[in-house]
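Subject: Structure handover

Hi,

Here is the structure I said I would pass on.

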Amino acid sequence: MKFFIKDAHKHVGDSVTIQGWMYNKRGSGKIYFLQLRDGSGVMQGVVEASIVDEEVMDQAEKLTMESSVKITGKITQHPKKEDVFEMSVREIEIVHIAEEYPIGKKDHGPEFLLDNRHLWLRSPRQLAIQRVRDEIIRATFEYFHQNGFIKIDTPIFSTNACEGSGDLFYTDYFDTEKAYLAQSGQLYLEAAIMSCGRGFDFGPVFRSEKSKTRRHLTEFWMMDAEVAFCDLEGIIKVQEELILHILMRVLQNCQNELNTLERDQEPLKKIKGPFKRMTHAEAVAELQEMGSDITPDKDLGGDDETILTKKYDSPIFVTHYPAPVKAFYMKRDEDGSNCLCVDMLAPEGYGEIIGGSQREEDLDLLKKWMGEHGVSEKGLEWYMDLRRYGSVPHSGFGYGLERIVGWVCGLKHVRETIPFPRLMNRLRP
Ligand code: 4AD
Ligand code: MG
């Protein structure tokens, strides 16, 4: 049976083999302390000249940082610390001796680490972030599946923009036309829920926004959710439940990871429903009082979101943005000036993590809003059809996975939340 370091507590006294990498080494001559990692955890292996042959000591001496090894020995419990286990090493099989490893113990700048992202991913901090990311994905699927949603896969190639044409990536689609890369699967999900009632998608999306902020990637992972027979209030409830479910699961299952990241958990533990609510107009008034130069006709800027979300412990729902700053598909209030939309802003200065709205279900009004936004009907005939055959009030939202991971892990920049970040100035490794 394959042994994993995380299961060491079940194997005290057993002879087992760790297959992994050498994270660090101390000692010389008579005793070596090997820090071994196998992807499931880190454990110290002790190699003592009084126990093993000279040949094993020679192998230990040869091991360099990040060399790959199979190490066999007996699991022992730390004499003083209850949850710490060690291996008393008996055999060392070298799989590969690593060249001098470029990432050392000293501090490296972010650009150097990003250039070496393929290696940096091995660090305990980076692995902890990926584990939290995995837990958030798992909790998301779990929440939706417990609540009657089915996963619908939406396409990446399409002929139209979902979120405005300003930041679309495209490619030649053979020699017939251009294909745009998805900014969100929402429009297709709207079609699908007229079949299944409630659905969600989860996949990579692309935006060529020329933003070099701590919140922007050019390729990121979005989850869109959509519900038939649901208004703005209904979709706000789904958003809140989803985020509470995610926080509950991360706090329950990622204690080691949050500790590795030195994340202060109090602000996360404090979060309870119902979340704080305000309209865009109310947010603008508060921001102006705090010294922002925002005006009622403008979208919230990154700095506005930062100062507003530092003020409250709870995530904030900001609703009713002016129609010109939002998308063509949003339903509007009575006089058509504000959208029935809702963004969720995460606390501690993190800002927008979710964007959503009720959708315009009336064909004539949809056409009118498309006209106002300069969105061509060509290519969206199928989308308008949804308003021709059994149209219903419906609402949905999309979250940015990396923004949520960044917030939950307490990171400064989203670039650490995705294994291989794509930024305006970075396409490799
Ligand atoms: O607010 P957005 O643009 O909303 C939509 O795309 C809707 N179609 C979603 C829907 O209603 N189904 O994007 C949704 C979320 C944002 O709230 C943010 O968390 C994230 O996606 N996001 C980004 N994350 C990283 N880098 C970027 N450049 C992002 N742009 C948006
Ligand atoms: Mg948005």
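Arginine 359 and glutamate 226 are both buried in this predicted model (buried is under 20% relative accessible area, exposed over 50% and partly exposed in between, with a 1.4 Å probe and protein chains only). The two form a salt bridge, with 2.9 Å between the closest N and O atoms (the term stands for a side-chain nitrogen of Lys or Arg within 4 Å of a carboxyl oxygen of Asp or Glu). This pair links distant parts of the chain, 133 residues apart: arginine 359 is in the loop between strand S15 (351-358) and helix H11 (363-373), and glutamate 226 is in strand S11 (residues 219-228). Helices (H or I, at least four residues) and strands (E, at least two) are DSSP runs, numbered from the N terminus.

Glutamate 361 meets lysine 331 in a salt bridge (3.3 Å, N to O). They are 30 residues apart, with glutamate 361 in the loop between S15 and H11 and lysine 331 in the loop between strand S13 (316-319) and strand S14 (341-346). Glutamate 361 counts as buried because its relative accessible area is 19%.

How many salt bridges does the structure hold? The count is 26. One of them joins aspartate 385 and arginine 388 (2.9 Å, N to O). Aspartate 385 is partly exposed at 29% relative accessibility, and so is arginine 388, at 40%. There is also a network of salt bridges linking Lys6, Asp7 and Lys10.

Now for the nonpolar side. A nonpolar core here is a set of buried Ala, Val, Leu, Ile, Met, Phe, Trp, Tyr and Cys residues joined through side-chain atoms within 4.5 Å. The largest has 47 residues, and Ile136, Phe144, Ile243, Tyr399 and Trp407 have the most contacts inside it. Helix H6 (232-253) is among the elements that give two or more residues to this core, as are helix H4 (124-146), strand S16 (394-400) and helix H13 (401-409). H6 gives the most, with 10 residues.

Isoleucine 136 touches Ile246, Val250, Tyr399, Leu401, Ile404, Val405 and Val408, leaving aside residues up to four places away in sequence (contact means heavy atoms within 4.5 Å). A second, separate core has 28 residues, including Tyr312, Met330, Cys339 and Met370.

Residues are numbered from 1 along each chain as its sequence is written, while chains are lettered from A and ligands numbered from 1 in the order in which they are written. As the model is predicted, local features need pLDDT of at least 70 and side-chain atom pairs count only at pLDDT 80 or more, while totals for chains, interfaces and linings use all residues; side-chain values use heavy atoms, with hydrogens and water left out.

Cheers
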